[in-house]
Amino acid sequence: MEKFTELGLRGEILKGIQDLGFEVPTPVQEKVIPVILEEENDLVALAQTGTGKTAAFGLPLLQKLDASRKETQVLILSPTRELCVQIGKDLQNYAKYCPEIKVTCVYGGADIRRQIRELEKGVHVLVATPGRLCDLIKRQAVNIDAVKSVVLDEADEMLNMGFKEDLNFILDETPETRNTYLFSATMPREVERIAKNYLHDAKEISTGKKNQGADTVSHEYYMVKAKDCYETLHRIVDCAPDMYAIIFVRTKVDARDITKKLQKDGIDCDALHGDLSQSQRDDVMERFRAKRLKVLVATDVAARGLDVDNLTHVINYNLPEDVESYTHRSGRTGRAGKEGISVAIIHSKEKSKLRRIENIIKKKFQYREVPGGEEVCRAQLLFYADKIMATEPKETMDKFQQELFERFEMLSKEEVIQKVVSFEFGKLLKKYASVEDLNLHEPEGREKREKKGRREEREGREGREGREGREGRRRGERRFDDDEYDYTTFSVNVGREDGFTPRDLMAIINDNSPRKGLQIGSIRIFENNTKFEVDVRGVHGFASCFRNISFNGLPFTLTEVKDRYNRERDGGRSREFGGGRKKSGSGKWRSEKRRNEGSTRGRFGEKKRGVEGGNGRSRKK
Ligand code: AMP
């Protein structure tokens with residue numbers, strides 16, 4: 001408690017969190033509480049769910065409240081009904097010893113008239129979803145003129161869910177003098193834009209890196225054929241008897257199908273997807289929270305704002321379209337400093353997508369072999385044995401004990417164990433007696449080739465060109481020479497800051513270009529944009545590759561660069577880097593410069609250059 005006192009928390013609020021068992025503040029609480037309590041600054045906090053951020057803003061805001069004034073002083077906006085209700089409950093717990101503080105939640109999908117009646121009674125802290133609050137403001141059923149503090153919780157999710165207009169409307173309705181505290185797990189440009197428009201002198205606080213997952217989450221992947229995904233999932237679930245997990249799938253149909261199959265295979269699970277009514281959804285969540293369900297199969301949309309503690313695993317049955325979704329999914333485990341595992345089931349073509357996710361989350365995925373029958377059975381039996389060992393015999397057993405002992409009199413201890421286990425696990429042992437090896441063992445050498453490709457990419461073009469040139473000439477091949485091509489330069493509006501890599505660019509072109517065999521020249525990744533060259537013979541219709549595509553939620557804008565570089569190229573010779581560029585083989589200075597800028601080059605579909613097809617994060621809208 002001492003640490004909380006040092007942060008400036010006092011009396012009743014401290015008593016409230018003591019009852020909840022909080023002893024020391026989490027990192028985000030250490031940073032946020034003093035700012036809200038003592039400073040006038042607005043705040044942008046990069047914090048994952050599960051880091052204790054509700055208390056980080058909730059505790060100081062409750063303490064700062066003047067409960068004698070009967071007006072709404074704190075407004076908390078959150079993306080979903082579930083999160084809204086959770087925040088409301090948390091705040092009520094923190095304010096357990098401040099009964100005069102009134103906290104109310106308003107959200108869509110519930111009777112608005114009842115909410116209006118609640119609001120009429122007066123409320124100090126209003127927790128709301130943006131859509132419902134807009135409704136209430138328009139009906140003049142809520143007064144937010146005296147709001148002093150606004151919290152935007154899970155701002156990225158609110159924008160993902162299309163609440164941008166509503167947020168603008170609400171923020172415009174609150175007093176200019178308010179303080180705004182923005183919390184987000186990721187920082188896409190849209191969130192930065194909101195922060196820029198509505199926050200003043202905002203202090204930035206981060207307890208992780210941008211778009212990066214919690215430190216306590218480890219990431220694992222299994223690589224199998226698409227047809228074996230379900231069986232792999234089933235074995236992973238069976239192999240972790242104490243699993244408490246969310247399985248993420250892309251569509252409602254998948255959610256329904258997989259749930260049915262798992263239920264048929266004897267696993268306690270249910271589905272959460274957009275077709276459920278609110279009461280069905282509440283029912284599923286109640287059973288999941290009470291741990292009557294071992295796993296919940298959910299779509300990303302349905303799982304938004306879900307707040308469940310102590311998940312042991314998050315399973316990506318399919319990889320999500322974009323990395324931000326991956327961060328959100330995996331952030332549901334490893335909460336409050338606990339360890340968690342984020343599992344991805346992929347097929348061989350998705351390895352490049354996995355690498356792209358690794359680049360952003362700055363963590364490596366560990367390869368795991370799909371468990372075989374023996375492994376699954378061992379895990380189940382030992383778990384069962386441990387549970388039996390941990391069980392205290394019940395006193396009420398006493399009266400039956402003698403009779404039971406007599407029944408088993410003829411058997412040795414070993415025989416009793418064998419019989420009990422066979423009785424309990426007969427079906428499982430039979431099922432797993434002989435099962436197929438589902439692992440996709442890559443042909444030897446492929447990993448090595450990939451590693452080599454990556455090494456060459458790292459070493460830069462100069463070394464590669466020299467080596468390839470020498471080897472090519474030795475084999476009597478025609479040497480690749482830039483001067484055979486005339487290029488047009490294009491620019492796209494994503495760059496290093498967005499996690500964009502040459503691989504991403506090549507994947508987009510590979511997937512979408514109407515022309516095969518197109519020559520791509522240099523690719524230069526800058527902070528906020530990327531410039532690259534395309535052989536002029538393939539330029540016709542090329543712009544369509546980027547139409548309706550987004551990268552990490554940001555729509556692409558492709559422009560042709562009409563600069564000195566192109567004009568000089570038109571004259572037959574490029575001097576982009578200060579002149580003197582002649583043949584590529586002699587371009588030492590140029591390649592060094594390009595390497596500094598994250599340069600690479602590639603021919604469409606040329607895997608040798610470390611560029612693979614299949615575009616993970618880009619998305620046709
Ligand atoms: P949140 O990120 O606000 O959803 O919090 C995640 C979980 O951590 C919740 O169950 C909180 O009750 C718990 N929690 C928050 N702060 C602390 C703390 N200082 N000590 C222990 N548990 C905490």
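This is a predicted model: local features need pLDDT of at least 70, side-chain atom pairs count only at pLDDT 80 or more; totals for chains, interfaces and linings use all residues.
On the side-chain side, a polar atom of Gln29 is placed 2.8 Å from a nitrogen atom of the ligand, and a polar atom of Thr54 is found 2.6 Å from one of its oxygen atoms. The backbone takes part through Thr51, where an N or O atom lies 3.1 Å from an oxygen atom of the ligand. When the ligand is taken alone, it exposes 500 Å², and 80% of that area is buried by the protein.

The helices considered here are α6 (residues 112-120), together with α7 (residues 130-138) and α9 (residues 164-173). Helix α7 takes part in two packing arrangements, one with α6 and one with α9. In the pair formed by α6 and α7, the axes are 12 Å apart and the packing angle is about 70 degrees. Angles of 65 to 115 degrees count as roughly perpendicular, and α6 is therefore roughly perpendicular to α7. The crossing in which α6 passes α7 is right-handed.

In the pair formed by α7 and α9, the axes come within 9 Å and cross at roughly 50 degrees. The two helices are therefore oblique to each other. Here the crossing, in which α7 passes α9, is left-handed.

Terms used: Residues are numbered from 1 along each chain as its sequence is written. Side-chain values use heavy atoms; hydrogens and water are left out. A polar contact is a pair of N or O atoms within 3.5 Å; within protein, one must be able to donate a hydrogen and the other to accept it, and residues adjacent in sequence count only if both atoms are side-chain atoms. Accessible areas come from the Shrake-Rupley method with a 1.4 Å probe; for residues, only the protein chains shown count as cover. Axes are lines fitted to C-alpha atoms, for helices over the stretch in contact, and angles run from 0 to 180 degrees between N-to-C directions. Helices (H or I, at least four residues) and strands (E, at least two) are DSSP runs, numbered from the N terminus. Angles under 35 degrees count as roughly parallel, over 145 as roughly antiparallel, 65 to 115 as roughly perpendicular and the rest as oblique. A crossing is left-handed if the near helix is turned anticlockwise from the far one by less than a right angle, and right-handed if clockwise.
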